Amino acid sequence: MQFNGNAFEADRLKPIDSLNRIPQKLRISITDRCNMHCVYCMPKEGLQLYPKNQILSYEEIQRLAAIFAGLGIKKIRLTGGEPLVRPEIEKLVCALSSIDGIKTISMTTNGLLLNKKAAQLKIAGLHGINVSLDTLKPDRFKSITRIDGLSQILLSLQTARDEGFEIKINTVIIRGQNDDEIVDFAKFAIATGYPVRFIEFMPLDGSHIWNPSLVVTKEEMIQRISQSGLELLPLNNNLSDPARLYAIKDNRATIGFIPSISEPFCGACDRLRLTSDGKFLTCIFERPKNDVKKLIRAGKSDTEIADYLMACYQKKPPGLISLLEHNTLRSGLNLMNTIGG
């Protein structure tokens with residue numbers, strides 16, 4: 001894959017918003033399709049997917065990633081939908097790894113296809129993998145995801161470890177659905193060595209089931225783990241990292257909590273998002289309206305696109321904090337399968 005875009009001034013000014021936040025990480029959703037239909041993410045029926053000609057090509061993604069790198073982005077995470085359902089994703093990883101300024105490339109996946117792709121992705125230059133896993137119970141897994149695949153994901157985790165990937169487990173906790181497994185996942189981290197990151201349920205659900213009563217907060221999760229006899233020791237955290245990390249005493253295991261609802265970390269946010277249909281989001285809760293695909297397909301130069309991105313970023317909203325202050329947090333604010341995790 002060759003990048004044939006116009007030359008771009010790598011020393012141009014870096015973007016900064018009204019709250020002095022400087023972006024360093026870019027999350028790229030490369031497809032809105034998924035081989036699971038998790039109850040909190042996608043509706044069982046009536047899901048509208050983007051026509052394939054509206055999805056960014058790999059060449060367009062590479063070009064945009066290079067422009068973002070010129071604006072100071074250092075880390076890229078590929079998301080979906082499920083990124084591994086897109087054919088020959090290893091070619092995209094290889095192309096992105098060749099971009100000057102990009103230090104790491106990682107991926108968030110459900111793991112179903114990871115067993116077959118792990119070796120190719122490692123050779124292509126992928127560094128880390130986050131695997132979404134919300135239950136350790138086969139029957140519950142089928143109920144949540146609407147498929148039977150838990151054993152396949154556990155096999156994929158071992159394959160990825162054998163390939164030398166840095167692996168993390170992402171677990172969305174929903175009251176009444178899987179909150180009885182919080183301690184089980186902590187013990188899973190001890191038994192396997194995989195860092196588990198517990199994520200508070202956010203209103204990014206296509207099924208519109210979110211409400212505040214379903215949120216299990218970081219503090220409640222910590223309390224449950226502590227009551228089980230496991231002692232958690234707080235670790236030093238990078239404020240721009242959404243996870244608050246803890247070591248489990250007397251073990252080498254690490255777990256983390258992403259308290260998006262109870263302790264919003266918007267003030268230190270350094271992440272940007274690019275959707276599979278070419279929308280640029282400066283905030284996970286921002287409505288997709290900044291269309292960079294339109295600029296690419298209209299023949300705009302890299303400099304013109306960069307200037308547009310800069311102008312959008314300067315309008316980056318305060319984030320979830322503002323929604324909470326104005327009591328406007330509601331289900332379905334964005335669809336996770338379209339904007340990525």
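# Helices and buried residues in a predicted model

Reader: How does α1 pass α9, in a left-handed or a right-handed crossing?
Author: This model is predicted. In it, α1 meets helix α9, residues 302–313, at an angle of about 65°. The crossing of α1 past α9 is right-handed.

Reader: Among the residues of the contact of α1 with α9, how many are charged?
Author: From α1 come Arg63, Leu64, Ile67 and Phe68. From α9 come Asp302, Ile305, Ala306 and Leu309. Sorted by class, 6 of these residues are nonpolar and none is polar, while the number of charged ones is 2.

Reader: How far apart are the axes of α1 and α9?
Author: The two helices pack at an angle of about 65°. Their axes are separated by 10 Å.

Reader: Is Ile67 buried or exposed?
Author: Ile67 sits in helix α1. Its relative accessibility is 1%. The cut-off for burial is under 20%. Ile67 therefore counts as buried.

Reader: What separates the C-alpha atoms of Ile67 and Thr303?
Author: Along the chain, Ile67 and Thr303 are 236 residues apart.

Reader: Now α2. Why is α2 roughly parallel to α3?
Author: Helix α2 spans residues 89–97, and helix α3 spans residues 114–124. Their axes lie 8 Å apart and pack at an angle of about 20°. That angle makes α2 and α3 roughly parallel. The cut-off for this class is under 35 degrees.

Reader: How many nonpolar residues has the contact of α2 with α3?
Author: On the α2 side are Ile89, Glu90, Val93, Cys94 and Ser97. On the α3 side are Lys117, Gln120, Leu121 and Ala124. The contact has 2 polar and 2 charged residues, and its nonpolar residues number 5.

Reader: Which elements do the buried residues of α2 pack against?
Author: The buried residues of α2 are Ile89, Glu90, Leu92, Val93, Ala95 and Leu96. Their partners include two strands, β2 (75–79) and β3 (104–109).

Reader: What about α3 and α5: how does their direction class come out?
Author: Helix α5 covers residues 150–162. Its axis comes within 8 Å of the α3 axis, and the two cross at roughly 15°. That makes the pair α3 and α5 roughly parallel.

Reader: How many charged residues are in the contact of α3 with α5?
Author: Leu114, Asn115 and Ala118 of α3 take part. They meet Gln152, Leu155, Ser156, Thr159 and Ala160 of α5. The residues divide into 4 nonpolar and 4 polar, and the charged ones number none.

Reader: Which residue makes a side-chain polar contact of 2.7 Å with Asp270?
Author: Asp270 lies in the loop between β9 (254–258) and β10 (271–274). It counts as buried, at 5% relative accessibility. Beyond four places in sequence, it touches Ile22, Pro23, Gln24, Lys25 and Ser240. The side chain joined to that of Asp270 by the 2.7 Å polar contact belongs to Lys25.

Reader: Which residue has a side chain in polar contact with that of Asn170, at 3.3 Å?
Author: Asn170 lies in strand β5, residues 166–173. It is buried, with a relative accessible area of 9%. Among its contacts beyond four places in sequence are Thr108, Asn130, Asp134 and Ile199. The side chain that makes the 3.3 Å polar contact with Asn170 is that of Arg197.

Reader: How far is the C-alpha atom of Thr282 from that of Tyr313?
Author: Thr282 lies in the loop between β11 (279–281) and β12 (290–291). It is buried, at 1% relative accessible area. Leaving aside neighbours within four places, its contacts include Arg271, Leu272, Cys312 and Tyr313. Thr282 and Tyr313 are 31 residues apart along the chain, and their C-alpha atoms are separated by 6.1 Å.

Reader: Last, the whole protein. What share of its residues is buried?
Author: The protein holds 11 helices and 12 strands. Of its contacts between residues at least 6 apart in sequence, 75% join residues at least 24 apart. Of the 341 residues, the buried share is 55%.

Notes. Residues are numbered from 1 along each chain as its sequence is written. This is a predicted model: local features need pLDDT of at least 70, side-chain atom pairs count only at pLDDT 80 or more; totals for chains, interfaces and linings use all residues. Side-chain values use heavy atoms; hydrogens and water are left out. Axes are lines fitted to C-alpha atoms, for helices over the stretch in contact, and angles run from 0 to 180 degrees between N-to-C directions. Helices (H or I, at least four residues) and strands (E, at least two) are DSSP runs, numbered from the N terminus. Angles under 35 degrees count as roughly parallel, over 145 as roughly antiparallel, 65 to 115 as roughly perpendicular and the rest as oblique. Contact means heavy atoms within 4.5 Å. Ala, Val, Leu, Ile, Met, Phe, Trp, Tyr, Cys and Pro count as nonpolar, Asp, Glu, Lys and Arg as charged, and the others, Gly among them, as polar. Buried means under 20% relative accessible area, exposed over 50%, partly exposed in between (1.4 Å probe, protein chains only). A polar contact is a pair of N or O atoms within 3.5 Å; within protein, one must be able to donate a hydrogen and the other to accept it, and residues adjacent in sequence count only if both atoms are side-chain atoms. A crossing is left-handed if the near helix is turned anticlockwise from the far one by less than a right angle, and right-handed if clockwise.
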